[in-house]
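User: Hi! I'm new to this one, could you walk me through it?

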Amino acid sequence: MSHTVRRILLVDDDAAIRASLGEALRGMAYDVLAVASGAEALGAMARFAPSVVLSDIRMGEISGLELLTALNERVPHTPVILMTAFDDMPTVVEAMKLGAAEFLVKPLDLDELQDTVDRVCADLDAQTAESYGAKLASEGELVGKTPSMIAIFKLVGQAARSKDTVLIRGESGTGKELVARAIHGHSHVSGGPFVPVNCAALPANLLESELFGHVRGAFTGAVRDRRGRFAQAQGGTIFLDEIGDTNVDFQSKLLRVLQDREFQAVGSDITERTNARVVAATHRPLEEMIVDRTFREDLYYRLRVVEILLPPLRERQGDILVLATHILQRFASANGTAVAKLSSDAERMLKTHSWPGNVRELEHCLLRALLVAQGGVIRAPHLDLRTRTSSTPARIPTLEELERQHVTRVLEIVDGHKGRAAAMLGVSRPRLARLIEKFRLDT
């Protein structure tokens, strides 16, 4: 930090907090003026000329967010650090969108406070120039209060305000699609479509048709033209989930789209352009795959212009009960029932479980518990959590399950046309009819 004494304008309607934080900041060699409201803060700006404003969010007539907006108009080069005891994601990202230099969650850690204020003061121009993305809806399981999740919220906000390609990485069940939807929903293309594609669910030949479309006669069963997902995503976002599961030949075609923003439908020589924003995700170790030549290095760098790493739930111990409460509230709201409570033994079990399936496993666990719990209280036996060591493999789908999934997906792709479906599957029409009857796909 510079040897120049920096001035901190502290804004909080709690007298005890003003006193304690003011004393702490003065002990850090800052000149501090503490005021009790947003109106007082606006009145003090000209005479005090603070280097940084440190403000609570939830106050009386003028909230911290409203104060931030007013300061942006009057003194746009003065950084504002916001703080609150309420750790909801939409507030964090809204603060960053409006141009907050930083966001702190109460109760404040004084070391973190000093590091934050020092960092903001070290380069005021750079900090105020760095404004973050867009407001996120409080949906799904993208919630939390741990430092790692607060950092994710900020990255989501930054990604939402840019047009760059985003690569989301994390284990299965960590919420990669939720992040992708959040980025899209509050980006410059939020009014356009969000088009998700599970790249792992389709073989390479079908994936190319799925993404780029095909023309009539391009292959057996292609009885009419079909628009691909890139065409459908015009003016919006295309989400390429499990991009690490694609083969190198397909990766070459995708690379061209990212480089030139152009593609051709299968069987067509007409070049189409796309303005769809690309967000990709994977749980695969792409760096190792590059060494093994199973993932293109040039595509890797094209995808990870912005990279978001989602931590596994086992590394977010402080978020487990927050997430559990959120999930139970959502279930109650959807079913018009009272919110179930967690007993102390259930809370202990949730906090000590390793959660190999991450947030998805937590949701399924609580749903099962709700079905068997009596009296609106979930206890440890209701959770049915079985310890699983890292050497124990996850359940592998049966061949019949995989066959059903594949037939279902092909029928979706061809809009239920059984002749085209049979051709794509490489089976006869009677064989397809037996599969449809076996898996009850007509019901």
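User: Which residue does Asp 319 meet in a salt bridge?
Analyst: Asp 319 pairs with Arg 316, at 3.1 Å from N to O. A salt bridge here is a side-chain nitrogen of Lys or Arg within 4 Å of a carboxyl oxygen of Asp or Glu. This is a predicted model, where local features need pLDDT of at least 70, side-chain atom pairs count only at pLDDT 80 or more, and totals for chains, interfaces and linings use all residues. Residues are numbered from 1 along each chain as its sequence is written, and side-chain values use heavy atoms, with hydrogens and water left out.

User: Are those two buried or exposed?
Analyst: Asp 319 counts as buried at 0% relative accessibility, and Arg 316 counts as buried at 2%. Buried means under 20% relative accessible area, exposed over 50%, and partly exposed in between (1.4 Å probe, protein chains only).

User: Which residues are joined into a network by salt bridges that share partners?
Analyst: Arg 169, Glu 287, Arg 304 and Glu 307 are joined into one network. Within it, Glu 307 forms a salt bridge with Arg 169, and their closest N and O atoms are 3.1 Å apart. That pair links distant parts of the chain, with Glu 307 in strand β14 and Arg 169 in strand β6, 138 residues apart. Helices (H or I, at least four residues) and strands (E, at least two) are DSSP runs, numbered from the N terminus. Glu 307 is partly exposed at 22%, while Arg 169 is buried at 11%.

User: And how many salt bridges does the count come to?
Analyst: The count is 19 salt bridges. Another of them joins Asp 12 and Lys 106, with the closest N and O atoms 2.8 Å apart. Asp 12 lies in the loop between β1 and α1 (15-27) and Lys 106 in the loop between β5 (102-105) and α5 (110-122), so this pair ties together parts 94 residues apart in sequence. Asp 12 is buried at 0% relative accessibility, and Lys 106 is buried at 17%.

User: Why can such side chains pair?
Analyst: Side chains of opposite charge can do so when their charged atoms come close.

User: Switching to rings: how many aromatic pairs does the structure hold?
Analyst: There are six aromatic pairs. One of them is Phe 212 with Phe 250, which is stacked, at 6.2 Å centre to centre and 20° between the planes. Phe 212 sits in helix α9 (residues 204-212) and Phe 250 in helix α11 (residues 248-260), 38 residues apart. For the rule, rings of Phe, Tyr and Trp (its six-membered ring) pair if their centres lie within 6.5 Å; planes under 30 degrees apart count as stacked, over 60 as edge-to-face and the rest as tilted.

User: Why is the pair of Phe 212 and Phe 263 stacked?
Analyst: Their ring centres are 5.9 Å apart and their planes are at 25°, so the pair is stacked. Phe 263 is in strand β11 (residues 262-264) and Phe 212 in helix α9, so the pair ties together parts that are 51 residues apart in sequence. Both Phe 212 and Phe 263 are buried. Phe 212, Phe 230, Phe 250 and Phe 263 form one aromatic cluster.

User: What sits over the ring of Phe 48?
Analyst: The charged end of Arg 7 does, 5.4 Å from the ring centre. The rule asks for NZ of Lys or CZ of Arg within 6 Å of the ring centre and within 35 degrees of the ring normal. Arg 7 is in strand β1 (residues 7-11) and is partly exposed, at 33%.

User: What else does Arg 7 contact?
Analyst: Leaving aside neighbours within four places in sequence, its contacts include Asp 31, Arg 47 and Pro 50. Contact means heavy atoms within 4.5 Å.

User: Which residues of helix α8 are buried?
Analyst: In α8 (residues 176-185), they are Lys 176, Val 179, Ala 180, Ala 182, Ile 183 and His 184. Their cover includes α7 (147-161), β6 (166-169) and β10 (237-241).

User: Last one, the whole protein: how many helices and strands are there?
Analyst: The protein has 20 helices and 16 strands. Of its 443 residues, 48% count as buried.
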